[in-house]
Amino acid sequence: MVWDTSTSSAVRSSCCVGKSTVPGAPKAMKCHESLIYIAAGSSVVAIDIRTMRQVFKVNHQEELHSFQMLPEKSLICTGLAQRAMLWDVRRGCDIQKGEAVVELDGHIGNVNLLHMDPYKIVSGGAEDFQVHVWETGNGRRASSLICCPQCNSRPDFGCSAMAVNGCRIVTACNDVDHGGLCFQDFNNATVPISSDSSILQSKFWGLQSQNDSEEESDNDST
């Protein structure tokens with residue numbers, strides 16, 4: 001249902017300016033310009049709120065557990081069981097066939113936590129003690145981070161919540177005895193670039209070790 005909040009009518013029903021239906025219970029919704037994207041059941045449906053008609057649908061073969069989008073790059077990300085999927089909404093024919101740009105594979109359990117920005121995708125789940133960081137442009141995994149260092153050997157807990165702001169990530173674990181918040185700041189993180197151009201290295205999330213600092217100091221001094 002679409003509501004016009006500027007309407008001051010005493011009749012509440014008159015504020016509703018449009019209705020539509022989607023298959024399944026909605027898990028998440030995002031608005032961008034005249035479109036609303038609704039993740040429900042096993043699909044993401046885009047509806048034009050001016051006409052309340054469906055524009056396109058991203059089909060999956062299983063239930064969705066989370067959803068995020070990056071409108072400026074026409075990308076959406078959906079969380080499934082043990083993986084997430086990255087889609088380009090400009091590929092209309094591929095979306096109808098259910099062909100994603102890339103699968104972000106490697107999770108334990110359902111991916112019900114997602115963050116997405118122009119540089120990275122961060123994904124996690126209640127059964128996985130790690131959150132994974134992927135590069136938005138190509139879907140390559142940049143790093144995997146333990147959501148709670150005190151519980152990294154426990155197989156029965158995972159990430160219950162997370163918040164991402166630039167290079168800062170806060171995660172919470174669902175362990176009753178040792179649960180808490182973990183704050184990780186990568187603002188000053190660096191990754192030494194290999195002289196071998198065939199080795200792919202990420203520009204994100206690599207903490208500089210003490211050995212790296214010593215090697216750089218030795219190189220500077222020589």
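**View 1. Strands β8 and β9 pair in the antiparallel sense in this predicted model.** The pairing of β8 (residues 75-79) with β9 runs over 5 bridges; two strands count as paired if DSSP finds at least two bridges between them. Strands are DSSP runs of E with at least two residues, numbered from the N terminus. The two strands form a hairpin with 1 residue between them. Within this pair, C77 has L86 in β9 as its bridge partner. The model is predicted, so local features need pLDDT of at least 70 and side-chain atom pairs count only at pLDDT 80 or more, while totals for chains, interfaces and linings use all residues. Residues are numbered from 1 along each chain as its sequence is written, and side-chain values use heavy atoms, with hydrogens and water left out.

**View 2. Strand β9 also pairs with β10.** β9 and β10 (residues 102-110) are antiparallel and share 5 bridges. R83 stands opposite D105 in β10. Of the 8 residues of β9 (residues 81-88), 6 are buried, so β9 is largely enclosed by the rest of the structure. Buried means under 20% relative accessible area, exposed over 50%, and partly exposed in between, with a 1.4 Å probe and protein chains only.

**View 3. The largest nonpolar core has 16 residues.** A nonpolar core is a set of buried Ala, Val, Leu, Ile, Met, Phe, Trp, Tyr and Cys residues joined through side-chain atoms within 4.5 Å. The residues with the most contacts inside this core are Y37, V44, F56, V58, F67 and I76. Two or more residues each come from β4, β5 (43-48), β6 (53-59), β7 (66-70) and β9. The largest share, 3 residues, is from β4. A second, separate core of 14 residues includes V133, C147, I169 and C173.

**View 4. The largest pocket has a volume of about 240 Å³.** On a 1 Å grid over the protein atoms alone, a pocket is an open set of points with protein on both sides within 12 Å along at least five of seven lines, and lining residues have an atom within 4 Å of a point. Grid points are joined across faces, edges and corners, and the volume is the space filled by probe spheres set on the points; the probe is 1.4 Å. The lining consists of M1, V2, S20, T21, V22, P26, M29, I36, I38, I47, I49 and M52. β3 (26-32) and β4 (35-40) each supply at least two of the lining residues. By class, 10 lining residues are nonpolar, 2 are polar and none is charged. Ala, Val, Leu, Ile, Met, Phe, Trp, Tyr, Cys and Pro count as nonpolar, Asp, Glu, Lys and Arg as charged, and the others, Gly among them, as polar.

**View 5. Four-strand open sheet: 4 strands lie in the order β11-β12-β13-β14.** The pairing is antiparallel. β11 (113-116) and β14 (141-146) are at the edges with a single partner strand each, so one side of each has no neighbour in the sheet.

**View 6. An open sheet of 3 strands has the order β15-β16-β17.** Its pairing is antiparallel, and the edge strands β15 (159-165) and β17 (181-185) each pair on one side only. β15 is joined to β16 (residues 168-173) by 6 bridges. M162 has T171 in β16 as its bridge partner.
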